[in-house]
Amino acid sequence: MGDLRQLGRWFEEAVYAFVNTLDPSAEVIFDHRVQDRDSGQLRQCDVWINARFGGHWPLSILISCKDRGKSGRKLDSGQIGTFCNEVRSTGASTGVIYCNTGFTAPAITKARANGIACCRLYQNEPAEVPEAIWI
C-alpha cells in the first residue's frame, strides 16, 4: 500500500501547490490528520483548508486528490458517495474532489446533490477552480 500511496503523492502535491495560491489568508495544510467523528481515530486528509468566509465565519474544506492516470477511468458516483461520508465524518464544512481523469455524469450529479465540487487537474493544462462552494 505504501508504494501505491507514493504513486499518487505527486498529484496531491500538485493540487496542494495550486490551492495554496488561491487565498493568501487561508491556512492550507498538506497531508493533514483530523479526528474522525464516528470512530475517534485520526483520518488522513490529502489537503485541508481553514479559512474565513467573508473574513468572519470559519470554514473548513476537505480536498481529496484522485490520481487515476494509470487506469484512465473517470470517478464514479460510488466514489463520490464515499467522499461525501469523508466530508461528514471529518466535520469539514464542505468538500472538493480533484481527479486527473474526470468524472462520470452520474458522479457529477451526485456531487452537486451533496454540495461537493468536482474539479479536474491535468498535466500541462490550467487547473479548475470550483464553480461553487456550498457551505
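**Contacts and fold**

Author: In the protein chain, take contacts (heavy atoms within 4.5 Å) between residues at least 6 apart in sequence: 50% of them join residues at least 24 apart. This is a predicted model, where local features need pLDDT of at least 70, side-chain atom pairs count only at pLDDT 80 or more, and totals for chains, interfaces and linings use all residues. Residues are numbered from 1 along each chain as its sequence is written, and side-chain values use heavy atoms, with hydrogens and water left out.

Reader: Ok, and what pattern does the protein chain follow along the sequence?

Author: It runs α-β-β-β-α-β-α-β, with helices (H or I, at least four residues) and strands (E, at least two) taken as DSSP runs numbered from the N terminus.

Reader: Is cysteine 99 buried or exposed?

Author: Cysteine 99 is buried because its relative accessible area is 0%. Buried means under 20%, exposed over 50%, and partly exposed in between (1.4 Å probe, protein chains only). Cysteine 65 counts as buried too, at 8%.

Reader: And where is glycine 72?

Author: Glycine 72 lies in the loop between β3 (57-66) and α2 (77-90). With a relative accessible area of 49%, glycine 72 is partly exposed. Its C-alpha atom is 5.9 Å from that of threonine 101, 29 residues apart along the chain.
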